[in-house]
Amino acid sequence: MDPQPYLPPAGLHDIPVDQLDLRPDSEIDHDILHPKPVTDEKNIWFFWHTGYKHMHPYTKRNVRGWHRRFSRQGWTVRVLDRQPDSPLNVSQYLDVTDPALFPTAFTDNTLCGSYALQHTSDLVRFPLLLKYGGVYSDVGMIQIGDLDRL
């Protein structure tokens, strides 16, 4: 069977295998759950309120895909959450009590409504990018292009 059953669209090409992290999912998951400290702007930020371990399988696959694609180029995937005592809690990266950054409803964890979790992600996005730089993505997004070229 032909490993490439169709021709890629014009201008696209396969990513060389040596540029991909092809380790088992369990090893990728370990890296995602234990990211290195922030040392530069090459951060890929995600947010999932209950943390990476509790994400849907397809969203975990997407996040792993980002790691597999970009970690060898020096990017670090970070999935922040709002779980108490989590090392990936937003409060480990930002002062969530600062009223200049977050509304009281965020600080008190009283955001409500059908889209409260999406709004929480929205509120986290801008302060993270301002402080640390990088890229912020929804867990369902698949990245096609090269972040370094962007």
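**Entry 1: terms and ground rules**
I count two strands as paired if DSSP finds at least two bridges between them. Helices (H or I, at least four residues) and strands (E, at least two) are DSSP runs, and they are numbered from the N terminus. The model is predicted, so I note that local features need pLDDT of at least 70 and side-chain atom pairs count only at pLDDT 80 or more, while totals for chains, interfaces and linings use all residues. Residues are numbered from 1 along each chain as its sequence is written, and side-chain values use heavy atoms, with hydrogens and water left out.

**Entry 2: the sheet**
I looked up the strand order and found an open sheet of 3 strands, β2-β1-β3, with parallel pairing. β2 and β3 stand at the edges with a single partner strand each, so one side of each has no neighbour in the sheet. I then followed β1 and β2, which pair in the parallel sense over 5 bridges. Along this pairing, I44 stands opposite V77 in β2, and F47 has L80 of β2 as its bridge partner.

**Entry 3: how covered is β2?**
Are the residues of β2 mostly covered or mostly open? For this I use relative accessible area: buried is under 20%, exposed is over 50%, and partly exposed lies in between (1.4 Å probe, protein chains only). By that rule, 5 of the 5 residues of β2 are buried. I checked both faces: T76, R78 and L80 are buried on one side, and V77 and V79 are buried on the other.

**Entry 4: helix α2**
Next I took helix α2, residues 57–70. The expected span of a helix is 1.5 Å times one less than its number of residues. With 14 residues, α2 should span 20 Å, and its end C-alpha atoms are 20 Å apart, which agrees. I found 10 of its 14 residues buried, among them W66, H67, R68, R69 and F70. What covers the buried residues includes α1 (25–33), β1 (43–47), β2 (76–80) and β3 (135–136).

S137 lies in the segment after β3. I read a relative accessible area of 3% for S137, so S137 is buried. With contact taken as heavy atoms within 4.5 Å, and neighbours within four places in sequence left aside, S137 touches W45, F46 and W66.
S114 lies in the loop between α3 (104–107) and α4. Its relative accessibility is 68%, so I log S114 as exposed.

**Entry 5: pockets**
Rolling a probe the size of a water molecule over the atoms shows where empty space is left. On a 1 Å grid over the protein atoms alone, a cavity is a set of points where a 1.4 Å probe fits but cannot get out; a pocket is an open set with protein on both sides within 12 Å along at least five of seven lines, and lining residues have an atom within 4 Å of a point. A volume is the space filled by probe spheres set on the points, which are joined across faces, edges and corners.
The largest pocket holds about 790 Å³ of space. I see 26 lining residues, with H13, I15, R69, Q143 and I144 nearest its centre.
The second largest pocket holds about 280 Å³. F47, W48, L117, Q118 and S121 lie nearest its centre among 13 lining residues. Helix α4 (residues 116–132) gives the largest share of that lining, 5 residues.
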